[in-house]
Every structure is written in C-alpha cells, then in structure tokens.
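Q: I'd like a close look at one part of this protein, with the terms spelled out as we go.

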Amino acid sequence: MRVLVVEDERVLADAIAVGLRRESMAVDVVYDGDTALENAGVNEYDVIVLDRDLPGVHGDDVARSLVDQSYTGRILMLTASRELEDKVEGLTLGADDYMAKPFAFAELIARVRALGRRAVPPLPPVLRRSGITLDPANHTVERDGRDVALTPKEFAVLEVLMRADGTVVSAEGLLEKAWDENADPFTNVVRVTVMTLRKKLGEPPVIQTVPGAGYRI
C-alpha cells in the first residue's frame with residue numbers, strides 16, 4: 001500500500017510516516033497543500049492522510065481538488081477539531097474518513113488499512129493465494145500452514161503481488177507501490193527483494209517471472 005501523509009506539523013508527520021512504514025507501507029511525506037497536489041498528480045496513492053488545517057492551500061481545498069479530478073486514492077482527513085459539524089463538513093468535502101487529534105496510532109493504522117481495502121472490486125481483509133495466507137492487519141504470512149518471517153519490504157512486495165490476483169505486476173509497478181518516491185528507478189532492489197522473498201516462501205516456487213513484463217503469483 002502506498003500512502004501520502006500531508007501534515008504541516010513536521011514532527012507529527014514524520015512520526016506517522018515512521019509508524020506506517022513499520023507496517024510495510026510505502027510512505028511519502030509533504031508539509032503543505034501545494035506539494036500534496038503536485039505529488040498526487042504524479043503518483044498513485046492508495047490512501048492520503050490529509051491534515052485539514054494546512055497553511056497556504058487549505059486541506060479542504062486539497063480534498064476538493066482531488067475529488068474534482070476523480071482521484072482514486074482514499075482520503076483520511078485529520079483535524080484538531082472534535083466538533084460534529086466539522087466532521088460532517090469534512091466528509092461532505094469528499095473525505096472517506098475523519099479523525100480528530102490527538103488519536104491512537106493503532107486506530108490510525110486500522111483506518112488506513114480499511115481505506116486501502118476499498119478497491120474495485122473490494123479486497124478481503126486477509127489475502128489467500130497459492131497456499132499463502134497474508135494478513136495485513138496482524139502483519140503475518142503463512143505458507144501451507146507454516147509461518148514465514150518477512151522484512152517489511154518483503155511483506156509489502158508480497159502484498160502487492162497477492163492483491164494483483166494473478167495478473168502481472170511490472171518491476172516499475174512494484175517500485176511504485178512498495179517503495180517511496182526516493183527509490184532509484186534504476187536500482188536492482190526489486191529483483192533482489194523478489195529473490196529473497198522466493199527463498200523464504202520455499203518450494204515449490206510461487207512467484208513467477210514473466211520475461212519482459214514482471215512478476216505474478
């Protein structure tokens with residue numbers, strides 16, 4: 001899952017990013033509305049965690065612009081206000097969910113994951129394919145009943161491949177979904193991560209390489 005965090009309180013923004021990355025999400029962080037719209041214009045985010053009270057381009061205007069563009073990423077709006085009318089207004093603007101600060105980080109993670117599942121068609125909370133069971137919420141993987149210990153990045157790559165439901169995912173697609181915007185597009189990190197992931201999943205191999213196209217399960 002790829003997430004954009006838009007929050008002008010830098011300490012909070014960076015803390016959110018660190019926590020989401022620990023959950024094997026690829027996270028980009030920006031601190032103002034203008035940059036948020038720029039990033040959303042060039043990257044496909046599954047979820048945008050958007051502070052409502054941004055200086056400059058207000059979070060409301062960011063949400064309106066994304067909705068007007070029919071952006072497919074889900075919006076989780078954050079605000080310091082706990083008033084019901086503010087929550088209603090935020091949802092009316094096009095936000096998919098709304099959280100008041102301060103919040104429990106475990107709840108933020110749960111809400112981000114819930115929004116990420118609102119794909120078309122909807123995806124189940126636990127993914128199963130080719131004997132593999134991947135539970136994003138509990139961050140566990142099993143292969144034919146055997147626990148498989150993965151690094152956060154290996155987990156992220158496996159989740160992208162399983163969400164693809166048998167279709168081919170290019171190396172560029174994996175880089176887009178499992179790494180952040182700082183990833184070098186010319187790196188061999190995707191190939192290396194897939195190689196180690198194959199070894200950990202064991203025999204028989206379940207990740208297929210499609211020459212010139214990418215990978216699939």
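Which residue in the turn of the β8 and β9 hairpin has a positive phi?

A: Happy to walk through it. This is a predicted model, where local features need pLDDT of at least 70, side-chain atom pairs count only at pLDDT 80 or more, and totals for chains, interfaces and linings use all residues. Residues are numbered from 1 along each chain as its sequence is written, and side-chain values use heavy atoms, with hydrogens and water left out.

The residue is D144, with a positive phi of about 55°, in a hairpin that has two residues between β8 and β9. Strands here are DSSP runs of E with at least two residues, numbered from the N terminus. β9 covers residues 146-147 and runs antiparallel to β8, joined by two bridges; strands pair if DSSP finds at least two bridges between them. Across this pairing, E142 stands opposite D147.

β8 also has a partner in β7 (residues 132-135), again antiparallel, over four bridges. Here D135 stands opposite T140 of β8. The hairpin of β7 and β8 has four residues between the strands, and H139 takes a positive phi near 55°.

Now for the side chains of β8 itself. In a regular strand, side chains alternate between the two faces of the sheet. β8 (residues 140-143) shows this: V141 and R143 point to one face and are buried, where buried means under 20% relative accessible area, with a 1.4 Å probe and protein chains only.

Conventions
Buried < 20%, exposed > 50% of the residue type's maximum accessible area, 1.4 Å probe, protein only.
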